[in-house]
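Trainee: Could you walk me through this structure, one question at a time?
Mentor: Gladly; have a look at it here, and then ask away.

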Amino acid sequence: MGRWFVQGHDVTAAAALRAVEELRLPHQLVAAGFGPERSVVEAAVREAGWVRCPGCAYVGSSANHTCTDTQSPSSPEPGLDQEHELALPGPATALLAESGAAQGRLLPGATDPMWETVPLYLRQQLRVPAQELVSPARGPLAARENRRLLSAVRAAAGMRLTGAHWLLLLTTGRRTFGSPRSQRAQALYAVLEQVAVQHAAPAEDEGADPVVQHS
């Protein structure tokens with residue numbers, strides 16, 4: 001039949017190989033040339049025919065996915081997946097965050113090139129809880145008044161964040177992402193706090209009069 005294995009035996013063989021070679025997934029990824037600076041998922045999209053669903057945050061084989069998003073793929077919500085819609089409005093100058101993960105810090109303006117320097121590993125850490133929060137969106141994120149925030153979270157899930165997305169995420173209070181007991185919301189917020197510490201200066205360190213950003 002031209003097959004290597006009896007049905008199901010490939011899973012056993014893969015587990016046995018891992019046991020013998022003691023190779024965990026991170027080791028396999030590094031050996032194949034992937035890591036924090038080169039995403040294996042992005043490579044699969046470019047080179048192996050994987051797809052990004054325009055209706056949700058799914059990435060993978062098109063044969064294994066049925067979109068449950070109520071939005072039509074041909075007409076996504078503003079700011080979700082169409083490149084020309086990703087630029088949410090945002091101030092061009094530095095601003096002082098009065099709430100959110102960056103509270104009390106000065107943030108660069110939406111068009112500042114600094115936002116392109118947020119490390120890949122942080123964007124990857126943000127991606128997983130973001131995907132979970134929008135598949136599907138629940139609680140405060142599902143409220144109509146939070147549609148712009150939902151768009152920003154979906155942009156984080158797709159790793160297509162603009163400066164305006166970052167500003168909205170970093171100045172939004174924790175409870176808007178989910179209930180206090182939501183581990184997904186807490187995981188996302190913890191990454192945003194890391195971004196704020198690394199990429200935003202405490203307000204007292206700057207002498208300029210910033211724009212004030214409310215959540």
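What follows is a set of questions and answers about this chain.

Trainee: What should I know before reading any values?
Mentor: This is a predicted model, in which local features need pLDDT of at least 70, side-chain atom pairs count only at pLDDT 80 or more, and totals for chains, interfaces and linings use all residues. Residues are numbered from 1 along each chain as its sequence is written, and side-chain values use heavy atoms, with hydrogens and water left out.

Trainee: What is the mean pLDDT of the chain?
Mentor: pLDDT is the predictor's confidence in each residue, from 0 to 100. In this chain 75% of the residues reach 70 or more, and the mean pLDDT is 77.

Trainee: Which element has the lowest mean pLDDT, and which the highest?
Mentor: Elements are DSSP runs numbered from the N terminus: helices (H or I, at least four residues) and strands (E, at least two). The lowest mean pLDDT, 48, belongs to strand β6 (residues 211–213), and the highest, 95, to helix α7 (residues 174–177).

Trainee: What pattern do the helices and strands follow along the sequence?
Mentor: The chain has eight helices and six strands. Read along the sequence, they give the pattern α-α-α-β-β-β-β-α-α-α-α-α-β-β.

Trainee: What percentage of the residues count as buried?
Mentor: Buried means under 20% relative accessible area, exposed over 50%, and partly exposed in between (1.4 Å probe, protein chains only). Of the 215 residues of the chain, the share that counts as buried is 37%.

Trainee: How much of the contacts in the chain comes from residues 24 or more positions apart?
Mentor: The count takes contacts with a separation of 6 or more. Of these, residues 24 or more positions apart account for 61%.

Trainee: Which helix gives the most to the lining of the largest pocket?
Mentor: On a 1 Å grid over the protein atoms alone, a pocket is an open set of points where a 1.4 Å probe fits, with protein on both sides within 12 Å along at least five of seven lines; lining residues have an atom within 4 Å of a point. The lining of the largest pocket has 17 residues, and L29, S39, V40, V41 and Q124 lie nearest the centre. Helices α2 (25–31), α3 (40–47) and α4 (120–133) each supply at least two lining residues. With four residues, the one giving the most is α4.

Trainee: How many of the lining residues are nonpolar?
Mentor: Ala, Val, Leu, Ile, Met, Phe, Trp, Tyr, Cys and Pro count as nonpolar, Asp, Glu, Lys and Arg as charged, and the others, Gly among them, as polar. In the lining of the largest pocket, four residues are polar and two charged, while the nonpolar ones number eleven.

Trainee: Is Q183 buried or exposed?
Mentor: Q183 lies in helix α8. Its C-alpha atom is 10.0 Å from that of L133, 50 residues apart in sequence. With a relative accessible area of 70%, Q183 is exposed.

Trainee: What distance separates the C-alpha atoms of Q186 and P129?
Mentor: Q186 lies in helix α8 and is partly exposed, with a relative accessible area of 36%. Q186 and P129 are 57 residues apart in sequence, and their C-alpha atoms are separated in space by 8.6 Å.

Trainee: How far apart in space are A190 and L126, C-alpha to C-alpha?
Mentor: A190 is placed in helix α8, partly exposed with a relative accessible area of 29%. A190 and L126 are 64 residues apart in sequence, and the C-alpha to C-alpha distance is 8.9 Å.

Trainee: Which peptide bond is cis, with omega near -10 degrees?
Mentor: Most residues other than glycine have a negative phi, and most peptide bonds are trans. P136 sits in the loop between α4 and α5 (147–157). The cis bond runs from S135 to P136.

Trainee: What is the phi of M159?
Mentor: M159 is found in the loop between α5 and α6 (163–170). At 16% relative accessibility, M159 counts as buried. Although M159 is not a glycine, its phi is positive, at about 55 degrees.

Conventions. Contact means heavy atoms within 4.5 Å.
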